[in-house]
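Colleague: I would like to learn how to read a model of this kind step by step. Could we take one feature at a time, with the general idea before the case itself?

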Amino acid sequence: MDLTAIKTLDEEFVLHTYARLPVAFVRGENARVFDTQGKEYIDFGAGIAVSSVGHANKRLARAIANQAQNLLHTSNLYFLEHQAKLAQNLINLYHDKMPQTKPMRAFFCNSGAEANECAIKIARKYGKSKNAYKIITLDSSFHGRTIASLKATGQEKMHEHFGPFPDGFTYAKDIDDIYNHLDSHTCAVLLELVQGEGGISPMNKEKIIALSTHLKAKGILLMIDEVQTGIFRCGEIFASKVYGIDPDVISTAKGLAGGVPIGAVITSLIDIFEAGDHGSTFGGNPLSCAAGLEVLDILSEIHKNGTLAKTIESFHNALEDIVKTFPHIFSHKVGLGLMCGLYTQDASMQTRIITSALESGVIVLKSGKGVVRFLPALTITQEEITEGFKRFKNALQSL
Ligand code: PLP
């Protein structure tokens, strides 16, 4: 089908929830994608941090195909080998090189919002006996689009049409302001360490460590939303490890199965739920967990052998070079690992830069007001980085 035909069909039959760019992709190869006309793009967006091992990764494709030929789904009524192994692998990777570890358990679902719903339910159950139901989140945060995760999202303009919402969420301006919101009714603080939608600026490490210590002393849960930052995106399995904190709950999703829908929570509150407290029909099924196991294997390898660290360094050097070459367009680079951004001098240029980049054959994304966001596949090669930035420079020159 050509783009016009796809667009006509989409506009007639799909609810208009997305402001789509005028392109449809039909295939990919690591950090390259090809559209309906055969035009090639370097993909610095990776489906918003989902295609962690690149497009059409052979190992992932084989793992998915093998599983599909065996067993796709049985339900959580029965024991599931892949789910149990994926839980073990995630927790072992999180515990790797930690001086002390405590037992943890995982829950699997299908998306980031669902992972945060699970985190919110853990917090509510944890606080129930103390009448502690309040969850503090940050302004400009993004936690999902279900009613509870949308309410947790500290962007009140997004709440406009959908109330009434569940009570018990309050928004702090920044990390310092969280302390002003803590009271005897607070059960948890839910945060992103690098806000994906809120500008890609990493939170201050000392402040996060101090907050973590304070919350532990008060018996208030620290829950880190690693839906975007997790699964090696920031250089380690979770950004929490880069920050040196040990949260009570971590939610994750996007990169975990490389494009097969999945969400997960890992928590040290190992006995918080009883049978029937929470669940999911599809969550943790053999297909998504087989994909997750292969993705973790691939990413652990490039993490261990130093390839990922080299890729991160090279990507950041290329971003620095852009800021130096185009100081009238960008003021500075931000980010952690392969979750990075460039701050525009003039926020109104954001959309033009993204559109011009697409025309020049490179995919970049938006974040917040005025940041151009980069979330490439963690397997991106040096050749793909060089070619992508060459095209990005062309796009900037043509503005
Ligand atoms: N939390 C964060 C930090 C996110 O970036 C996202 C999605 O962009 C979500 C939650 C929601 O994830 P999903 O769209 O998979 O529900």
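Colleague: What percentage of the 399 residues of the protein count as buried?

Modeller: Before the number, please note that this is a predicted model, in which local features need pLDDT of at least 70 and side-chain atom pairs count only at pLDDT 80 or more, while totals for chains, interfaces and linings use all residues. Residues are numbered from 1 along each chain as its sequence is written, and side-chain values use heavy atoms, with hydrogens and water left out. Buried means under 20% relative accessible area, exposed over 50%, and partly exposed in between, with a 1.4 Å probe and protein chains only. By that rule, 53% of the 399 residues count as buried.

Colleague: What is the radius of gyration of the protein, and which secondary structure elements does the protein contain?

Modeller: Helices (H or I, at least four residues) and strands (E, at least two) are DSSP runs numbered from the N terminus, and here they come to 13 helices and 15 strands. The radius of gyration, taken over C-alpha atoms, is compared with a globule rule of 2.2 Å times the number of residues to the power 0.38. The protein has a value of 21 Å, close to the 21 Å that the rule gives for 399 residues, so it is as compact as a globular protein of that length. Its C-alpha trace spans about 60 × 50 × 50 Å along the principal axes.

Colleague: How many strands form the open sheet with mixed pairing, and in what order?

Modeller: Two strands pair if DSSP finds at least two bridges between them. In this sheet there are seven strands, in the order E4-E10-E9-E8-E7-E5-E6. Strand E4 (105-109) and E6 stand at the edges with a single partner strand each, so one side of each is left without a neighbour in the sheet. Neighbouring strands are turned by 20° against each other on average, direction ignored; for such angles, axes are lines fitted to C-alpha atoms, for helices over the stretch in contact, and angles run from 0 to 180 degrees between N-to-C directions. Within the sheet, strand E7 (residues 186-191) and E8 pair in the parallel sense over four bridges, and Ala-188 has Leu-221 in E8 as its bridge partner.

Colleague: Which strands does H5 touch where it packs on the sheet?

Modeller: Contact means heavy atoms within 4.5 Å. On that basis H5 touches E4, E5, E6, E7, E8, E9 and E10, and its direction makes about 175° with that of E8.

Colleague: What is the order of the open sheet of four strands, and which helices lie across its strands?

Modeller: The order is E11-E12-E15-E14, with antiparallel pairing. Strand E11 (330-336) and strand E14 (365-367) are the edge strands, each pairing on one side only, and the twist averages 30° from one strand to the next. E11 and strand E12 (residues 339-344) pair over six bridges in the antiparallel sense, with Cys-340 in E12 as the bridge partner of Gly-335. Helix H11 (residues 307-325) lies across E11, E12 and strand E15 (371-374), running at about 165° to E11, whereas helix H12 (residues 350-359) lies across E11, E12, E14 and E15, running at about 160° to E14.

Colleague: Which residues have a positive phi although they are not glycine, and which peptide bond is cis?

Modeller: As a general idea, most residues other than glycine have a negative phi, and most peptide bonds are trans. Asn-131 has a positive phi of about 55°; Asn-131 lies in the loop between helix H5 (112-127) and strand E5 (134-138) and, at 44% relative accessibility, counts as partly exposed. Ile-231 has a positive phi of about 60°, and Ile-231 lies in the loop between strand E8 (221-226) and helix H9 (239-243), where at 1% relative accessibility it counts as buried. The peptide bond from Gly-163 to Pro-164 is cis, with omega near -5°, and Pro-164 is found in the loop between helix H6 (147-152) and strand E6 (169-172).

Colleague: How many disulfides does the structure hold?

Modeller: A disulfide is a pair of cysteine sulfur atoms within 2.5 Å, and the structure holds zero. The closest cysteine sulfur to that of Cys-118 is in Cys-109, at 6.4 Å, too far for a bond. Cys-234 is in no disulfide either, with the nearest cysteine sulfur, that of Cys-340, 9.0 Å away. Cys-118 counts as buried at 1% relative accessibility, and Cys-234 is buried with a relative accessible area of 5%.
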